[in-house]
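I'd like to walk you through one model, so please have a look at it on the screen.

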Amino acid sequence: VVWTDFERATIQDVFSKIDAQSVGQQALSRCLVVYPWTQRYFGKFGNLYNAAAIAGNQMVAAHGLTVVRGLEKAAKNMDNIKATFTDLSKLHSEKLHVDPDNFKLLADCITIVISASMGASFTAEVQAALQKFLSVVISALGMQYH
Ligand code: HEM
């Protein structure tokens, strides 16, 4: 993957500015509400009975932050995302058996939540850079599936 200076700077900027806790919680909650089949992987998270339960679930909040921490790691290793996520891809494939189609769904929720949190500074160019970054992440997460 080739990154322009603008894309590199934008990704660093986005991840330095967002509130990781809030973005993670909101994005994972949104994914679980809008695409309810994704709930099947989080059986041990307890009550995911409706949108209010999901929004108030502390395990969802904690795991949302874990996901954003993962993205921050990718943002710090933009030239090496595939290698950075080898173990994470193996985990989602071999242990968790997460259908990789779901990566795109969660990534879209992340885009929406970041967009809402950035307001007017979320320009079309920023969106393009973020979506390119997330597609590379999705591709890396899918790499160890066979
Ligand atoms: C665990 C990142 C998408 C289900 C994890 C962990 C990270 C992570 C960093 C913790 C790994 C560890 O403990 O070593 C990501 C990223 C994603 C993504 C960056 C895409 C943007 C998904 C999706 C699902 C999913 C779409 C299911 C619909 C899980 C589950 C765990 C997990 C069930 C284990 C949770 C636990 O046992 O507490 N993920 N993930 N992930 N992920 Fe993902």
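Let me start with a term: two residues are in contact if their C-beta atoms, placed from the backbone, lie within 7 Å. Helices (H or I, at least four residues) and strands (E, at least two) are DSSP runs, numbered from the N terminus. With that in hand, Phe6, Glu7, Thr10, Ile11 and Val14 in H1 meet Glu125, Val126, Ala129, Leu130, Lys132 and Phe133 in H8.

Two housekeeping points. Residues are numbered from 1 along each chain as its sequence is written. This is a predicted model, where local features need pLDDT of at least 70 and side-chain atom pairs count only at pLDDT 80 or more, while totals for chains, interfaces and linings use all residues.

Back to that first pair. The axes of H1 (residues 5–17) and H8 come within 9 Å and cross at roughly 85 degrees, which makes H1 roughly perpendicular to H8. Axes here are lines fitted to C-alpha atoms, for helices over the stretch in contact, and angles run from 0 to 180 degrees between N-to-C directions. Under 35 degrees counts as roughly parallel, over 145 as roughly antiparallel, 65 to 115 as roughly perpendicular, and the rest as oblique. By class, the H1 contact with H8 has seven nonpolar, one polar and three charged residues. For the classes, Ala, Val, Leu, Ile, Met, Phe, Trp, Tyr, Cys and Pro count as nonpolar, Asp, Glu, Lys and Arg as charged, and the others, Gly among them, as polar.

Now the second pair. H2 (residues 20–34) and H4 (residues 58–76) pack at about 110 degrees, with their axes 7 Å apart; H2 and H4 are therefore roughly perpendicular too. Among the residues making this contact are Gly24 and Leu28 of H2 and Gly64 and Val68 of H4. Here the classes come to ten nonpolar, six polar and one charged.

So what about the ligand? Which of the 19 residues around the ligand come nearest? They are Thr38, Tyr41, Gly70, Asn102 and Leu106, where near means a C-beta atom, placed from the backbone, within 6 Å. H4 gives the most to this shell, with five residues. The shell has 13 nonpolar, six polar and no charged residues.

Finally, the overall picture: the protein has eight helices and zero strands. Its C-alpha atoms fill a box of roughly 45 × 40 × 20 Å, taken along the principal axes. Thanks, and I'm happy to chat!
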